[in-house]
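Here is a short note from a colleague, to be read alongside the model.

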Amino acid sequence: MKRTVSRTGILGALVGLAVTALTAVASPAHAGPVHHQAAVDAQAVAAYWTPERMRSAVPIEQLVKAPNLSPKDVAKGESTIIQSIPNGGGAWTGAGKVVQTVGRVFFTMGGRNASCSGDAVTSTNGSVVITAGHCVKYQGAWHTNWTFAPGYDNGNTPYGTWAAKSTLTTPQWEASEDMNYDIGAAVVNPLNGQKLTDVVGAQGIAFNQARNQSMYTFGYPAAAPYDGTKLIYCSGSTFTDFLLTKDHGMNCNMTGGSSGGPWFLNFSEATGTGVQASVNSFGYTFLPGYMFGPYFGTDAQNLYNKVQAA
């Protein structure tokens, strides 16, 4: 048995507070990635996401609220407060591939339009977007109207909007919303007869990499002081979470809406390319200025293998 952050409370994600019980939950034995395939009318999804709806979509974290607790609750090992990535970060003023592969993710959750971030990665099918688990599924319900807008810039979608034909997550996120495995993915439909990565390119992706390296992280925070109009980034050394997960941690202040944005190893500012090894996932309310992202291990690799073959 392993101790995990369970989904008995509310999702740990940006800006909104989340309270989850730390309980003993067994990871599914030999379970593979969980897959959601829905009949999708790509044209209808594209028509739904008007510039006005995109601008008004709220960060997913605003749709979940929970009471505040203290660090003593975490110390007791009984519960945790998870906020998402607290504040800060600077606008990416460079160019390179990152301004094409990273984009905003839009979807409908519980009747409300919401947003996250995502990244196009290299894949066999040329159609894979990597994001956070809570950006595809939350508390038993898969999000609908899921679409990806790479290179989003102040309401403009220079590379179009790409509707998902299927979304996937890890078995651990499906079973208990374990924050160690808050990883999601989507296979998007072709657009105008072309595949996603043929249009925007793709970032590399890697698994089981050494910890505590320097990394860059990107996203579209949409909660104050940000408004979701531009690509924001943080960079610096990372550490391993010493509280409730084994996630990567970084000093960074991005807010709600940046969930699902990529963390890169070996990132080149000159070319805007790197190797993705995590996604923006959560932050602790009592530890402002830090964000956390899941380690891409074997389960993340299994998810990737399934999604690129879909």
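**Notes on the model**

1. N113 is buried, with a relative accessible area of 16%, where buried means under 20% relative accessible area, with a 1.4 Å probe and protein chains only. N113 belongs to strand 8, which spans residues 112–120; strands are DSSP runs of E of at least two residues, numbered from the N terminus.

2. This is a predicted model, in which local features need pLDDT of at least 70 and side-chain atom pairs count only at pLDDT 80 or more, while totals for chains, interfaces and linings use all residues. Residues are numbered from 1 along each chain as its sequence is written, and side-chain values use heavy atoms, with hydrogens and water left out.

3. The side chain of N113 makes polar contacts with the side chains of Y48, at 2.6 Å, and T108, at 3.1 Å. A polar contact here is a pair of N or O atoms within 3.5 Å, of which, within protein, one must be able to donate a hydrogen and the other to accept it, and residues adjacent in sequence count only if both atoms are side-chain atoms.

4. The structure holds two disulfides, defined as pairs of cysteine sulfur atoms within 2.5 Å. C116 and C135 form one, with their sulfur atoms 2.2 Å apart, and its S-S torsion is about -80 degrees, so this disulfide is left-handed. C234 and C252 form another, S to S 1.8 Å, and the torsion there is about 60 degrees, so that disulfide is right-handed. Both C234 and C252 are buried.

5. Of the 310 residues of the chain, 58% count as buried.

Terms used
Buried < 20%, exposed > 50% of the residue type's maximum accessible area, 1.4 Å probe, protein only. Helix = DSSP H or I, 4+ residues; strand = E, 2+ residues; numbered from the N terminus.
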